[in-house]
There are 2 protein chains.
Amino acid sequence: VNYPTPPSFLRAVTLDASDPLAEYRGRFVLPDNVIYLDGNSLGALPVGVAERMQQVITQEWGVGLIRSWNSADWYPAPIRVGSQISKLIGADSDEVVVCDSTSVNLFKVLTSALRLAQSVSTQRNILIAERDNFPTNTYTASSVAELLGVELVLIDSIDVAALDSAIHAAGERLAVVSLTQVNYKSGARYDMAATTDLAHSVGALMVWDLCHSAGAFPVLLNDCDVDFAVGCSYKYLNGGPGAPAFLFVAKRHQKAMRNPLQGWHGHVAPFAFTSEFVPHVGIDRMLTGTASQLGLLALEAALHAFDDVDMNDVRSKSMSLIDLFIELVDEELAGYGFGVLTPRESDQRGSQVALTHEHGYPITQALIACGVIGDFRAPNVLRFGFAPLYLSHVDIHRAVMQLKEIMESGEWDDPKFHARGAVT
Amino acid sequence: VNYPTPPSFLRAVTLDASDPLAEYRGRFVLPDNVIYLDGNSLGALPVGVAERMQQVITQEWGVGLIRSWNSADWYPAPIRVGSQISKLIGADSDEVVVCDSTSVNLFKVLTSALRLAQSVSTQRNILIAERDNFPTNTYTASSVAELLGVELVLIDSIDVAALDSAIHAAGERLAVVSLTQVNYKSGARYDMAATTDLAHSVGALMVWDLCHSAGAFPVLLNDCDVDFAVGCSYKYLNGGPGAPAFLFVAKRHQKAMRNPLQGWHGHVAPFAFTSEFVPHVGIDRMLTGTASQLGLLALEAALHAFDDVDMNDVRSKSMSLIDLFIELVDEELAGYGFGVLTPRESDQRGSQVALTHEHGYPITQALIACGVIGDFRAPNVLRFGFAPLYLSHVDIHRAVMQLKEIMESGEWDDPKFHARGAVT
């Protein structure tokens, strides 16, 4: 980029100079010449993961073989890694397990939660979920509602008035409210405490999806009295492609949870091999089959990037990065047809920004070709994620100036940037 | 072991000399001084997996980042690896996907199969499964039966007369029969063709669990007209600890399958992000969430150990190894209190042998301490798996002679061998 240095660049440099998280960039392996604004889709590779996986494969699997389930502590890993994540989401260490995918865990939690609500009152037969949430959440809610014969009410995401109406209309018939805290596309965020209170005010149970929350800012599950949560570990938690997901059940509900995917790892005594299912007393009952051990141990190693990190610092830096980004978009990209979909009020958003543009797809591809990696969500959204542990204010400045150059030069309109890949 | 060379040892050497699979031992990394008879629980590490995983982590994740979903072909991996497995189980390449755990896949298949049977006739409301199968299968059958309101009939595993009676008693009310081809504990095996025909004779659908079959001997799903199957990839397929499982749906049923765990990866157009679930036309509809990519790519690399392997050779060698083992147990261990639980007729067993002994647990531990690794299943079973790609007849001879030494010396009774670990 070959512009005269604008004052905003110097401001970015100054902000970086006082960044308490600046040194944490060294905890990640990132390629040269890349500004990575897609950590909300796949987090960067933390230092130490590759080395740990060599040890797991060559020593623990290759030499330890079956013995490693005991000697290398593979068996307790779902609980152990769950305990690591619990610290980042305001839960107790015996309230979180790591297993399966977010979709599978949501199926388990929604089914268990609906059964729990119905065990208290059979008239509770409504599930509220979101129409424009990440699609898998809507598909899962629909499937669970059909299997259990409950009514599914869909509202628009982050429409607080619509949610309030739907909750009060359902009243004592409401069993469960299932929402994603930060919308995957807009980046808009619910107030977790107020929303959970609202669900509880009519006696319903609250399920939060934390896919775009965990590792992005402080989440306070127990302070907000949340009942259940699920989330993914390959975004801001940097667990690697398809890393196993997590699942939270508040201690007070654990004994009553009936996991529809009851499997041997959720049994109170898996190695007794009895034919009758007797669930584990605690959170382990939400486990199903054998843990995806390679993914789980990679995640465990990756989570060390959060050692000694204050999540309040993460949130402060995230807001600072995003404020600068939006300010620069306003200043530098005026007249190029961009809109800002994400709320401008920092308390109403997560750690990502969605711009809209009618040519969003080729513009995203042109940016990626220049090393500024964001992603595109149909029909017109350019998504940029801000992972505070490995991004600087100067990165953000460079990214926006690169976008400006692409727009000024018109290079985004090259036919090669219009070609669609399998994953866009 | 310090015995005079018995004639049986020379026979083992002779058998190894004419073994067409002898050279395949070089496709595995195994520790010195270990005879590994637990490949039916966790397969050995194939050559090349560690190197491939370094590439996946440092290059594809670390440098490629989100772009690798396209550029490194991560996205199609569940289908691509499914196609590799299809060749080993007598299926077509578009009939198998790799995803989730065996338990989760069994839930998906049983639910889909029962719904399919009921869509043809609502009076089909019986599911037959096994009481003493691997426990997770029984737990899953029980959960699915409850969710769908069908009747669960449990029979004893590999009791052909009981199965025949149960199928005919259910008759036109029978929806689905779900069996594991080789029992995890006894090693006894169903006749897949005859049993599938029996289920079909009353119009029921057949689900096979291939956990102890795939990679152990030729499986001929389509020749046997099987409807559905699931199986694990970390035993005889050597995919690594907790490697993702596989799932087979015969082509003729795919369009009618309704996956209860409907998720975005099963959608016909996942990246259109639409709120209505429209299933993929083919086997992809059985996918749910994001694939466990590290486990999946490790499995893909591991499966190259089967390149150019004739599964008929695998079966022949497996029978030869087991015949030698049982013969030596009869000859060398007479009077020490062992029983042979596994059928002695080779066509009635898989690729493992179960011995019984009242002190099975400490004997297993003492054997492991000497480098002969098998495992124990309560209350009294010593299990030995015979993976023909990396075991020799001499290994089998040494293993039995080691067991004899442990029994003769009484060292199995040392208190340290009685202590129980978390995983036994």
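**Close-ups of a predicted two-chain model**

Across the interface of chain B and chain A, 21 residue pairs are in polar contact, both partners at pLDDT 80 or more. A polar contact here is a pair of N or O atoms within 3.5 Å; within protein, one must be able to donate a hydrogen and the other to accept it, and residues adjacent in sequence count only if both atoms are side-chain atoms. This is a predicted model, in which local features need pLDDT of at least 70, side-chain atom pairs count only at pLDDT 80 or more, and totals for chains, interfaces and linings use all residues. Residues are numbered from 1 along each chain as its sequence is written, chains are lettered from A and ligands numbered from 1 in the order in which they are written, and side-chain values use heavy atoms, with hydrogens and water left out.

View 1. Strand 3 (45–46), helix 2 (49–61), helix 3 (68–71), helix 5 (102–120), helix 6 (135–148) and helix 10 (293–302) of chain B each give two or more residues to the side that touches chain A. Helices (H or I, at least four residues) and strands (E, at least two) are DSSP runs, numbered from the N terminus. Helix 6 of chain B gives the most, with 10 residues. By type, this side of chain B splits into 44 nonpolar, 30 polar and 9 charged residues.

**View 2. How much gets covered where chain B meets chain A.** The contact (heavy atoms within 4.5 Å) takes 83 residues from chain B and 82 residues from chain A. The area buried between the two chains is about 7000 Å², and carbon and sulfur atoms give 68% of that. Buried area is the accessible area (1.4 Å probe) that two parts lose on being put together, summed over both. Look for B:Trp61, B:Tyr139 and B:Phe273: they supply 12% of the area that chain B buries against chain A, more than any other three residues.

**View 3. A salt bridge from one chain to the other.** The side chains of A:Arg258 and B:Glu146 meet at 2.7 Å, N to O. A salt bridge is a side-chain nitrogen of Lys or Arg within 4 Å of a carboxyl oxygen of Asp or Glu.

**View 4. A:Lys404 meets A:Glu332.** The closest N and O atoms of this salt bridge are 2.6 Å apart. A:Lys404 sits in helix 13 (residues 393–409) of chain A and A:Glu332 in helix 11 (residues 311–332) of chain A, so the pair ties together parts that are 72 residues apart in sequence. A:Lys404 counts as buried at 14% relative accessibility, and A:Glu332 is buried at 14% too. Buried means under 20% relative accessible area, exposed over 50%, and partly exposed in between (1.4 Å probe, protein chains only).

**View 5. B:Glu300 meets B:Arg80.** These two side chains form a salt bridge at 2.6 Å, N to O. B:Glu300 belongs to helix 10 of chain B and B:Arg80 to helix 4 (residues 77–86) of chain B, so the pair links parts that are 220 residues apart in sequence. B:Glu300 is buried, at 13% relative accessibility, whereas B:Arg80 is partly exposed, at 29%.

**View 6. B:Asp323 meets B:Arg349.** Here the salt bridge has an N to O distance of 2.7 Å. B:Asp323 is in helix 11 (residues 311–332) of chain B, and B:Arg349 is in the loop between strand 11 (339–340) and strand 12 (352–356) of chain B, so the pair connects parts that are 26 residues apart in sequence. B:Asp323 is partly exposed, with a relative accessible area of 37%, but B:Arg349 is buried at 1%.

**View 7. Helix 2 of chain B and what it packs against.** Its buried residues are B:Val49, B:Ala50, B:Arg52, B:Met53, B:Val56, B:Ile57, B:Glu60 and B:Trp61. They pack against strand 3 (45–46) and helix 2 (49–61) of chain A, together with strand 3, helix 3 and helix 10 of chain B.

**View 8. B:Val47, in the loop between strand 3 and helix 2 of chain B.** B:Val47 is partly exposed, with a relative accessible area of 49%. Leaving out residues up to four places away in sequence, B:Val47 touches B:Gly26, B:Arg27, B:Phe28 and B:Val29.

Definitions and conventions. Nonpolar A, V, L, I, M, F, W, Y, C, P; charged D, E, K, R; others polar.
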